[in-house]
Amino acid sequence: MHDTAALAGRFERVVGPGRVLTAAEDMNGYQQDWRGRYRGKALAVVLPGSTPEVAEVVKLCAELEMAIVPQGGNTGLTGGAVADGDRPVVLLNLSRMNRIREVDVANNSLTAEAGCILANVREAADARQRQFPLLLGSVGSCEIGGLVSTNAGGTGVLRYGNMRELVLGLEVVLPDGRIWDGLRALRKDNSGYDLKQLFIGAEGTLGVVTAAVLKLFPRLSVSATAMMALAGVREAVDLLRFMQEQIGNRIEAFEILSREQIEIVLKHGHGLQSPMALDAPFYVLMEIADSSPQWDAGAELQNLMEAAFERALIADAVLATDIAKTERIWALRHNISESNKRAGFTVSNDTSVPVSRLPAFIPLVTGRIEQQVAGAIVCHAGHIGDGNIHVIAVLPRDVYATPEQCEEAAARVNLIVHEASVELGGSISAEHGIGKMHVERLERFKPVLDLDMMRAVKAAFDPAGRMNPGKILRA
């Protein structure tokens, strides 16, 4: 047993008074994920303000043989930032480490600490006539460390890639407390293993990401947004290919939403409205953009939609003619998680399949869920350009009234979606990570040799298994 008061005193000598939380009422917000699905039990929440403080906390945890759960904005969807209660755990929240250390305009790079909120990073880039393109619904609360650790994606992956493509360098505190300074702002460095990639997507199981060098891009000068109605997923795939052939990488975002998903957003999204009638099964939200102010994005998109209509790729469309309408269109996408949470118990999957197989994947999983999970409303939303359409089952609370009923149904939904993804050559996780939720599924669907290599990497960095135990790999 650990003396909590004595423990807090030792950590406070490192991070300062008031920066260690041990009272239940103070720790509640850190102890569970934002959906309330997972709840942990940490001995303390420690709030360091610098990388040296993180290093000293990690060393102290090693001395005390305590596990560490790194946490950022705690906006994850798989329980990856919740303490595992099987052993003494300290929850290390990095939100105080929120400085932007440097913006290098000539190098198109920005160095941010792990606790920087994504919206603030985007604003800092914009102030220097640059953009950091990562964008997702939790932009106002998710933090850079968590985005790196989960290899986050978002709506811009089609054009810019996910965090693996957007990170140039990292600073990481290793499980023994050493600080690895990999904050290099290089686009070409072939001097051995690319060590930073080990920590991107590792969900804090190999070390604590404390800062990152991020890629910036020229700020976009012109853009245009449209919402298009389609008969099915096949038409969406064909529409994307047509648009890419016409304007290449000027496609900033290309998101698909099922009618059922939009209807939930309209019902539970606090006054949101659709800019067009919902009489088609699927809708695409598309933005095209460029840094050249001479390009007429609106006229270009209007012409493209007319050509797509002639080819029977779209059934109807609306072009945003002002900022208000643009925001109204994208609000349908960015309010999905919150709206689904209000609608019922939500099971959101994060699988990916080759883009060419999406027309087979979507009806396959929809039919299986509707047949096997009573009362489930099956919705689809996501990034069709990278094969990552989220399959979402919203379960009515009057039917699934107990946690046991919810978890049993969730397990059934997840198994259906994962089996279908693997059948079609896909992955059980595209951008949310494995966390606590999918550990057993990973063991089931990942090849044995892949798991052996992952365990070898884990053992090399964290032989005592103290870093975020029970996440990705079984503790």
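Is Glu407 buried or partly exposed? Glu407 is partly exposed, because its relative accessible area is 34%.

1. Basis and layout. This is a predicted model. The protein chain is divided into four stretches: domain 1 covers 4-93, domain 2 covers 100-218, domain 3 covers 221-332 and domain 4 covers 344-432.

2. Domain 1 against domain 4. The C-alpha centres of these two domains lie 32 Å apart. They do touch: 4 residues of domain 1 are in contact with 6 residues of domain 4. Together the two domains bury about 430 Å². Carbon and sulfur atoms account for 44% of that area. On the domain 1 side, Arg35, Arg37 and Leu77 lose the most area to domain 4. Those residues together make up 84% of what that side buries.

3. Polar links across that contact. The count between domain 1 and domain 4 is 1 salt bridge. The count of residue pairs in polar contact there, both at pLDDT 80 or more, is also 1. The side of domain 1 that touches domain 4 divides into 1 nonpolar, 1 polar and 2 charged residues.

4. The Arg37 and Glu407 pair. Arg37 forms a salt bridge with Glu407, and the closest N and O atoms are 3.1 Å apart. Arg37 sits in the loop between helix H2 (24-31) and strand S2 (44-46), while Glu407 sits in helix H15 (residues 403-423), so the pair ties together parts that are 370 residues apart in sequence. Arg37 is buried, because its relative accessible area of 17% falls under 20%. Glu407, as said, is partly exposed at 34%.

5. The salt bridge total. How many salt bridges does the count come to? The count comes to 18. As background, side chains of opposite charge can pair when their charged atoms come close.

6. Arg99 and Glu113. These two form a salt bridge, with the closest N and O atoms 3.0 Å apart. The pair links distant parts of the chain, 14 residues apart. Arg99 is in the loop between strand S4 (89-93) and strand S5 (100-104), and Glu113 is in strand S6 (residues 109-113). Arg99 is partly exposed, with a relative accessible area of 48%. Glu113 counts as buried at 3%. Both belong to a network of salt bridges that links Arg99, Arg101, Glu113 and Glu171.

7. Lys458 and Asp462. Their side chains meet in a salt bridge, N to O at 2.8 Å. Lys458 and Asp462 are both buried.

8. His390. This residue lies in strand S18 (residues 388-395). Why does His390 count as buried? His390 is buried because its relative accessible area is 6%. A polar contact of 3.0 Å joins its side chain to that of Glu431. Leaving aside neighbours within four places in sequence, His390 has several contacts, among them Arg333, Asp350, Cys379, His380, His383, Glu431 and His432.

9. Asp126. Helix H4 (residues 118-127) contains Asp126. Asp126 is partly exposed, with a relative accessible area of 37%. The C-alpha atoms of Asp126 and Asp450 are separated by 40 Å. Along the chain, Asp126 and Asp450 are 324 residues apart.

Conventions: Residues are numbered from 1 along each chain as its sequence is written. This is a predicted model: local features need pLDDT of at least 70, side-chain atom pairs count only at pLDDT 80 or more; totals for chains, interfaces and linings use all residues. Side-chain values use heavy atoms; hydrogens and water are left out. Domain bounds come from an automatic or database domain assignment. Contact means heavy atoms within 4.5 Å. Buried area is the accessible area (1.4 Å probe) that two parts lose on being put together, summed over both. A salt bridge is a side-chain nitrogen of Lys or Arg within 4 Å of a carboxyl oxygen of Asp or Glu. A polar contact is a pair of N or O atoms within 3.5 Å; within protein, one must be able to donate a hydrogen and the other to accept it, and residues adjacent in sequence count only if both atoms are side-chain atoms. Ala, Val, Leu, Ile, Met, Phe, Trp, Tyr, Cys and Pro count as nonpolar, Asp, Glu, Lys and Arg as charged, and the others, Gly among them, as polar. Helices (H or I, at least four residues) and strands (E, at least two) are DSSP runs, numbered from the N terminus. Buried means under 20% relative accessible area, exposed over 50%, partly exposed in between (1.4 Å probe, protein chains only).
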